[in-house]
Amino acid sequence: MSEKKDVIVIGAGMAGLLIAYYLQEAGKKVLVLEANKIGSGQTDRTTAKITSQHSLKYSTLIKKVGREHARIYARANETAIDEYERLIHSLGVDCDFERVPSYLYSVANRKQMQEEAKEAASLGIDAYFTEWTEIPFQVAGAVCFRKQARFSPPQLIEALAAKLEIKEESRVLKIRGKRVYTREQVYRADKIVMATHYPFVNVPGFYFLRQHQERSYVLALKGAEPLQGMYYGVDKNGLSFRQAGEYLLLGGAGHRTGKKGCGGAYEKLRSAAEQFFPGAREETCWSAQDCMPHDGIPFIGKFSVFTPHLYVATGFQKWGMSTAMIAALILREELQGRPHPWSRVFSPQRLLVRAGLGRFLIDVGESIRGLTLGWFGKRSRRCPHLGCKLEWNPNERSWDCPCHGSRFAADGRLYDNPAQSSADMTEK
Ligand SMILES: Cc1cc2nc3c(=O)[nH]c(=O)nc-3n(C[C@H](O)[C@H](O)[C@H](O)COP(=O)(O)OP(=O)(O)OC[C@H]3O[C@@H](n4cnc5c(N)ncnc54)[C@H](O)[C@@H]3O)c2cc1C
């Protein structure tokens, strides 16, 4: 058995690395266990905007969870941007960190944009409504958040990893009390943090009932007129834009992971690229996915009331850069026995049933459908996580689970969690 640590962090994505680094800075002895390679999860495919602008967040949060919670959500995300800037400077990392404005836009709903601008500003964000954007089509209205940021994660990841003790190729198979088991070793720590993107422990916690995963797609275009700001379309089929050096990243075509008939995602983006950036050339393309909690707020804090040593950071809603920093700041305090003022918003033990009920019912319906088809339907490939029927994703040529979002290669190799093992690809 190995030396006992103060904290074991499971997962070396942006969340795990920041959490581990901030705890180590606070004087804790920390070990990070990573199933694959450092930064090889969803963080490897992020578009890396650091922003508090999370779609129509503030008008929605105010209605669903109240102004005070919305204010804390805004403050936490704005603080996260500042904290990245401070950290990157203090580590001396050259990672193209740059303050830029971020715009939400709608081609159809001006009123919605006006309301979002007003509510965001009322919560202390430097936000305003505008009709002006740089994107090559007319918008009905846009919301600008000033002084947001973008950066390039690999350099920061490398700098953080160099300061931490990390074991790669060390998939955690189970956690029992203060013990963490991989195939080769048993590790011990006073506290354990699960930063595995999607928690792999089903019970207790029940995160598989509290969030689903959504996948979206990105093209990197060369030769397009560069954009100064970052853009996110809120309409159905809205597009996002973000300059990364000489490339313009064009994102969109999102869908629930495992959605039947989700094909044509890259084609949709290609046709938008042709229409709006006719001179540009596609250099590469990729996709990624993230966890979408029912009430629109990530889960950061104690994993469950039954597991006093275990903590979690998940449910990042495609905004995991700022949220990973929020997780690091909250957990640094909580793991030292100090409450954090943001915890009442992000705590996984929150009871905001009304806010998430509609989404919860949709997800339960999807899970029942997938489980029924998996267990009782004719001839299907089943997910090793809970047995749901897998669906073919022609965009990525993968088998994806519509219930909880695990993904597998055509030969059954595991791509994305919560499943932790390969799938048997024989139809049963
Ligand atoms: C298309 C797209 C674009 C995005 N762009 C942005 C953006 O511009 N700005 C933004 O803020 N967010 C963005 N996001 C979201 C952001 O990329 C993610 O929220 C973030 O990268 C998640 O980081 P993570 O550390 O939680 O997860 P990951 O990076 O997936 O890290 C989790 C790690 O845990 C490891 N792991 C899993 N199981 C185990 C186990 N049993 N034992 C040990 N290790 C394990 C995995 O191998 C992995 O390395 C985007 C998402 C998508 C889909």
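The model is predicted. In it, 37 residues surround the ligand, and the closest are Glu34, Thr43, Thr47, Asp290 and Gln420. The shell divides into 15 nonpolar, 17 polar and five charged residues. Domain 1 (5–46 + 155–209 + 296–350) and domain 2 (98–149 + 211–293) both contribute residues to this shell, so the ligand lies between them.

| Residue | Protein atom | Distance to a ligand oxygen |
|---|---|---|
| Thr43 | polar side-chain atom | 2.5 Å |
| Thr47 | side-chain N or O atom | 2.8 Å |
| Ala48 | backbone N or O atom | 3.1 Å |

Taken alone, the ligand exposes 1,000 Å², of which the protein buries 96%. Two or more shell residues come from each of α1 (14–25), β11 (211–222), β15 (281–293) and α7 (320–334).

Turning to the cysteines, a search of the whole structure finds one disulfide. This bond joins Cys388 to Cys403, with an S to S distance of 2.3 Å. The link of Cys388 and Cys403 is left-handed, at -110 degrees about the S-S bond. Cys388 sits in the loop between α9 (353–376) and β18 (391–393), while Cys403, 15 residues apart from it, is in the loop between β19 (398–400) and β20 (407–409). Both Cys388 and Cys403 are buried.

Cys291 counts as buried because its relative accessibility is 0%. For Cys262 the closest cysteine sulfur is also in Cys401, 13 Å away and too far for a bond. Cys262 has 8% relative accessibility and therefore counts as buried.

Note on methods:
Residues numbered from 1 in each chain as written. Predicted model: local features only at pLDDT ≥ 70, side-chain atom pairs only at ≥ 80, totals over all residues. Heavy atoms only, no water. Near = heavy atom within 4 Å. Polar contact = N/O pair within 3.5 Å; in protein donor to acceptor, adjacent residues only side chain to side chain. Areas by Shrake-Rupley, 256 points an atom, 1.4 Å probe, with all protein chains shown as cover. Helix = DSSP H or I, 4+ residues; strand = E, 2+ residues; numbered from the N terminus. Nonpolar A, V, L, I, M, F, W, Y, C, P; charged D, E, K, R; others polar. Domains from an automatic or database assignment. Disulfide = S-S within 2.5 Å. Buried < 20%, exposed > 50% of the residue type's maximum accessible area, 1.4 Å probe, protein only.
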